[in-house]
Amino acid sequence: QMKTLSSNMPEVFAGYMDIRQWVMREPPEGALPRKYKHLIFTLLDCIYGNGPGAENHARAALRRGLTVDELLEGMGQVLIVGGIGVYGTTGFRVLDNVLASEESKAAVKKAKRRAA
């Protein structure tokens, strides 16, 4: 979608990228750590039915230090806000795919090391 946007509407794409770069700033320039920004995008993408986007952001959040437990709590929020319909069409698929990912496996190993 970004290739299509940049090819056909380069000015709009440039504006989108400016906003995105501003939103994704790490502290101290930005207020929230990037892992939580990716989590928020994951949850919003689930609510809006964008499974691939949700998966990409969830994996990025895990790479940035989000724990699997934090992801699971967020997905609980998807169920509360979006209902079983959203969870049943998007949420569980995102969760299944992300939990099977290398990022998730690495996050679990990291959590076990911290607990030990």
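This is a predicted model: local features need pLDDT of at least 70, side-chain atom pairs count only at pLDDT 80 or more; totals for chains, interfaces and linings use all residues.
**Figure 1. Packing of helices H4 and H6.** H4 contributes Arg 59, Leu 62 and Arg 63 to the contact, and H6 contributes Glu 103, Ser 104 and Ala 107. By class, the residues of this contact of H4 with H6 are 3 charged, 2 nonpolar and 1 polar.

**Figure 2. The salt bridge between Arg 63 and Glu 103.** Arg 63 is paired with Glu 103 in a salt bridge whose closest N and O atoms are 2.8 Å apart. The pair links distant parts of the chain, with Arg 63 in helix H4 and Glu 103 in helix H6 (residues 102-115), 40 residues apart. Arg 63 has a relative accessible area of 56% and is exposed. Arg 63 and Glu 103 are also among the residues that make the contact between H4 and H6.

**Figure 3. The salt bridge between Arg 59 and Glu 55 in helix H4.** In the salt bridge of Arg 59 with Glu 55, the closest N and O atoms are 3.7 Å apart. Arg 59 and Glu 55 are separated by about one helical turn, because they are 4 residues apart in helix H4 (residues 51-63). Glu 55 has 16% relative accessibility, and buried means under 20%, so Glu 55 counts as buried. Arg 59 is one of the H4 residues in the contact with H6.

**Figure 4. The salt bridge between Glu 102 and Lys 105 in helix H6.** Glu 102 and Lys 105 form a salt bridge, with the closest N and O atoms 3.6 Å apart. Both residues, Glu 102 and Lys 105, belong to helix H6 and are 3 residues apart, about one turn of the helix. Glu 102 counts as exposed at 57% relative accessibility, whereas Lys 105, at 42%, counts as partly exposed. The search of the whole structure finds 4 salt bridges, among them the pair of Glu 102 and Lys 105.

**Figure 5. Met 17 in helix H2.** Met 17 lies in helix H2, which covers residues 10-23. The relative accessible area of Met 17 is 26%, and the residue is partly exposed. Met 17 and Ser 6 are 11 residues apart in sequence, and their C-alpha atoms are 10.0 Å apart in space.

How values were computed: Residues are numbered from 1 along each chain as its sequence is written. Side-chain values use heavy atoms; hydrogens and water are left out. A salt bridge is a side-chain nitrogen of Lys or Arg within 4 Å of a carboxyl oxygen of Asp or Glu. Helices (H or I, at least four residues) and strands (E, at least two) are DSSP runs, numbered from the N terminus. Buried means under 20% relative accessible area, exposed over 50%, partly exposed in between (1.4 Å probe, protein chains only). Contact means heavy atoms within 4.5 Å. Ala, Val, Leu, Ile, Met, Phe, Trp, Tyr, Cys and Pro count as nonpolar, Asp, Glu, Lys and Arg as charged, and the others, Gly among them, as polar.
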